[in-house]
Amino acid sequence: MKKHLKLNDISKDASIQLNEFNLDELMPLPPPYDKSEELPVVKRLTTEQQARLVSNLDGFSALALPQPKNKEEESKYVRQFISGLKKLLSKENNWTFLQPLLLSLEYCARCQTCSDACHVYLASGKNDLYRPTYRAEIFRRLIDKYVKRGGKLATKLKGTDIELNWATLSRLYELAYRCNLCRRCAQTCPISVDNALITRELRKLFSQELGWAPKELHEKGTVLQLDIGSPTGMRPAVAMDNVKFLDEDFTESLGIKVETPWDKEGADILLLHSAGDILSFPESIVAFTILCNAAGINWTLSSEAPGYDGVNYGLFYDDVQLARIVTRHAQIARKLKVKKIVMGECGHEHKALITVADRLLTGDLNIPRQDAMTFLEDIVFSGKIKFDPAKNDFPVTLHDPCNIVRNLGIVEPQRRVLRYLCPQFREMTPHGVDNYCCGGGGGLSVISGVNFTDWKTNVSGRIKFKQILEAFADRPGPGVKKYVAVPCLNCKLQLRDIFKYYGAWEKSGIRCGGIAELIVNAMVEIKKPFITWSE
Amino acid sequence: MAKMELAGQMLEVDEHGFMQETDKWNEDVARAYALKEDVKELTSDHWKALNYLRSYYLANGI
């Protein structure tokens, strides 16, 4: 029987796990994925890991937080958190997001409408721990107690005091990474309280004040990108070498010239891919090269670090890193004298470099930026390329990356493309701005932690998997090959993890890929199929 | 930092068991890893792939 959590359970006994993971509590999946005995066993922490690391939240560790050495260390972090809390609420230190944060903290009516909109909360079987409001309300009460004048007495009298101790701190840190920052809660809230923003600001506090951040986002993420060019670890020479190999390989296999331009000064467009696609979904990179060339576009990639990798993990956890990477991207575009930056199929890149960057880029750094959806739509309907939609005659559905669709409102251009080029295109339910997150948003897609992938495939990705199965319910089984169009690398990586975990390719014939590949697959000029059915 | 015993040494590894001090690698370490994957003997094809990947990594960092 699932127990209800109290808010101040977060501060109880740091050595005890707050919530036990129980597969039976989760939202059921349709057959053949409803038999838990046929699914991989969920990975747990080893005894050695449990002794060395903190896992007192839900049995999963996204962050591999080491056990504190002594009480002094615990107190130090508590002090830092309070200092960080004060900075987060001051204009001098948080000019970026202070206003929406204060509004969200002040005006929540605690109606819980947001919880019912949250894919994590619903998939978990309505576990209180994953309510958007659980962590937000704890956060509010900590502010009331430790920041507001007379807070210690006031909260004691009101009965709302929560102790900020190691238990609270370590649990809140992990809990901040059980949210995909997708904004479905904020969109549903009748007064636009943004629990995802509160969660993200909590992550920022941990990172900028305590130096706590997932290594995949920080040390091997933004730091690596600013150092050598990309969180993938690819230096410029490696990225260029890989793309050159793809050019040669596909020129040979397709029988048309595939050639990617680099560092072309004065080009109209600087295309900014998520460099991870070069390694994980190379057909996406090749597809853009083919389309830009076939449409006669004057375009280029950049080999100056980090100009060949449009990711900006700072968006997920740290304003300083966010600003540094945005600035570098704009400086590179300015130096190359391009007229416009165009995004690749990467969701968070769109939000970081189009919207958030608007507040950071001034003067000649404020170079025009365009999204990938309208860019691809313009190519498809330009009349410059001949298409035969019959080449895409297989079931196709569309996942809506949160940062492009819900957060930026870019809904229709990609649909016009798919309706034209995919005769068996069908929407999933719900879709558009009401669609659910893939479960990999907010940077979670690239965080494997200790056993975090199993949480993502079981909990945060659960509803998305269900939506996909339901969208293809008319053609189930592995005999009919089915394509989920996903214009975002992090979403594709999460879906790949989900499909691998459940055996979706073997059992249902489902794979995912970008939109650019579907467009190239329909080109009349290319005689061989571009999309090869292997996963 | 986690540790794992490989070829008689305690080596630093990440939470997924990957070596962190790449200069401590030697062929015995490779054999110890292979045993963990139920590969009892490394053939010349194995070594070809291993050595290629290792030298690419040492040259390019990835």
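Axes here are lines fitted to C-alpha atoms, for helices over the stretch in contact, and the angles between them run from 0 to 180 degrees between N-to-C directions. Helices (H or I, at least four residues) and strands (E, at least two) are DSSP runs, numbered from the N terminus. The model is predicted, and local features need pLDDT of at least 70, side-chain atom pairs count only at pLDDT 80 or more, while totals for chains, interfaces and linings use all residues. Residues are numbered from 1 along each chain as its sequence is written, and chains are lettered from A and ligands numbered from 1 in the order in which they are written.

Two packed helices are described by the angle between their axes and the distance between the axes. For helix α5 (residues 132-146) of chain A and helix α6 (residues 151-158) of chain A, the axes come within 6 Å and cross at roughly 125°. The two helices α5(A) and α6(A) are therefore oblique to each other, given that angles under 35 degrees count as roughly parallel, over 145 as roughly antiparallel, 65 to 115 as roughly perpendicular and the rest as oblique. From α5(A) the contact draws on R141(A), D144(A), K145(A) and Y146(A), and from α6(A) on G151(A), K152(A), A154(A) and T155(A), where residues are in contact if their C-beta atoms, placed from the backbone, lie within 7 Å. By class, these residues divide into two nonpolar, two polar and four charged.

In the segment before α1 (47-52) of chain A lies P32(A), and the peptide bond leading from P31(A) to P32(A) is cis, with omega near 5°. Another cis peptide bond joins A305(A) and P306(A), with omega about -5°, and P306(A) is found in the loop between β2 (299-300) and α14 (314-317) of chain A.

Positive phi values occur in residues other than glycine as well. L181(A), in the loop between α7 (166-175) and α8 (184-188) of chain A, has a phi of about 55°, and L181(A) is buried, with 26 other C-beta atoms within 10 Å. In chain B, D38(B) lies in the loop between α1 (27-36) and α2 (44-60) and has a phi near 65°, but D38(B) counts as exposed, with 6 C-beta neighbours inside 10 Å. A residue is called buried if 20 or more other C-beta atoms lie within 10 Å of its own, exposed if 12 or fewer, and partly exposed in between.

Note on methods
Contact = placed C-beta atoms within 7 Å. Nonpolar A, V, L, I, M, F, W, Y, C, P; charged D, E, K, R; others polar.
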